[in-house]
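Please examine the structure shown here together with the explanation that accompanies it.

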Amino acid sequence: MSQSFINALINNPVFIMAIVPILLAVGYYLRKSCCPLTKSAALQISSMAKGKNEKSATITSAQKMAERPFGHWEPDYDFKTPTPNEYKGWSLTDTKPIAYRAFRHKYTVNMGIRPMDWDNWIELDNNWLKYHNLKKERLAERGDKLYAIDPCAMDAAWEVLDELCRYLPARYPTMFEFDKDKRIMKILPTKEVFDFNEEGFNPILTCGLLIQDDIVIMVESKKDGSYSLQGGCACLPGFWKLTEKYKMTLDQLHTEAGVPKYKSHLATGMNKFFRRLTVDKPVFRNNYFLQLDGYLGWSKSLGDEDDDKWFGWKVATPATDISDIHFRSERQSLRRLPISGAVIFTVRSYFIPMTELCEEPYVPRRLLNGITSWTEDVGEYKGFHKFKDILLPYLEEKAKEQEEQGLDYSKEPQNFPYGA
Ligand code: HEM
């Protein structure tokens, strides 16, 4: 080929437009076939292990995620979870729990997910010690009924622990200290030491003990792309048991719990959402429940935690006094881990007596409207008939009290899921 012919080609815009996509496609193919990173090979060089692979397989678009073969994940070594800003002034004794008031005047069943700021992945406050001690107490009593891990989720458990060891000391430096070389995490106020080198060390149990949340690992199936619970530590779930949910798919988890309108309003969107979740777009959602006792770990009014048949609203002891009723609101986060590709689900429960909640402006009327807008199926799921005779008159009375004192609804803050 003569030089003048080559010059003519490269100066021809039609030729350039045709050749560029071909070159990109060939490059992509060569890269894939030259470095076919299998999942397990990739995990051996996870960030918890020594060294890092330079090859990157960044998947950023939800569309690309959806096009992956089922259960297939290429580790993304380019993605680094942003280091959170320090929570300035955070104090184990003074930082109050965030006032999540995740109810509206009208209740609707929807996914309700919102983008999460990386700073807020894990929320800690002055209830940390109480939660931590309760977790330890329940672990001493119930042991491995509260945590589990399948071998297929073990890499993800190490990876999420690694993420926590980078997140927690940066966000809450007065609480945690991590020695990366020695692989030792310290909880400073309690002087607890977690040595990752110890024989039998359990990464998911340690995750559960560092934070106030319960934590779950969801793994995608190679068979049909569904997600199932393959590991977790759930010490304070209130209404559900890890042993019962272990290995269940998202659909099973929700249909077994009788979540209203799951099939019609949630299933398709949720399954799609899980498949498409990218590493850089964590989300969170909030919900609320009414509980007829003051137990954070397991709601005893629903029955014996060890009785697998006779527990739940159908056998619950009805409320007899307003002091029985507590407001429980979960703040749940979801993120995909870059190396293993597993999805991490955290559930942080916020818990206060109803009498305390109703001292807040706008709450009694809004909660009353919200509860009375529940459809029959939602009422059944949330135990309406077990507390309505006590709660509804109380909310009405407290709402009227606030209205008589001049509460102005035109000034009601519209800042779901937070309080006034
Ligand atoms: C996008 C993700 C998810 C959405 C939108 C979702 C949605 C829901 C909804 C609407 C309910 C009814 C109570 C409420 O309003 O929260 C519920 C209950 C439940 N969800 Fe999910 N969920 C998600 C992920 C998960 C995951 C990953 C698990 C794994 C453990 C899970 C386990 C449960 C359980 C056990 C209940 C029943 C709680 C009870 O009433 O006993 N969910 N979920």
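The following paragraphs treat the surroundings of the ligand and then a set of paired strands.

This is a predicted model, in which local features need pLDDT of at least 70, side-chain atom pairs count only at pLDDT 80 or more, and totals for chains, interfaces and linings use all residues. Residues are numbered from 1 along each chain as its sequence is written.

The ligand is surrounded by 19 residues, and the closest are Met111, Phe239, Ala257, Asn287 and Phe345; a residue is near a molecule if its C-beta atom, placed from the backbone, lies within 6 Å of it. Two or more residues of this shell are given by each of β6 (214-220), α9 (250-256) and α10 (262-276). Helices (H or I, at least four residues) and strands (E, at least two) are DSSP runs, numbered from the N terminus. The largest share, 3 residues, belongs to α10. By class, the shell holds 15 nonpolar, 2 polar and 2 charged residues; Ala, Val, Leu, Ile, Met, Phe, Trp, Tyr, Cys and Pro count as nonpolar, Asp, Glu, Lys and Arg as charged, and the others, Gly among them, as polar.

Attention now turns to the strands. Strand β3 (residues 176-179) pairs with strand β4 (residues 184-187) in the antiparallel sense over 4 bridges, where pairing requires that DSSP finds at least two bridges between two strands. Phe178 stands opposite Met185 in β4. The hairpin of β3 and β4 has 4 residues between the strands, and Arg183 takes a positive phi near 60° there.

On β4 a further pairing is found: 4 bridges join β4 to strand β5 (residues 192-195), and the two run antiparallel. Lys186 has Val193 in β5 as its bridge partner. This hairpin also has 4 residues between its strands, β4 and β5, and Lys191 in the turn has a positive phi of about 60°.
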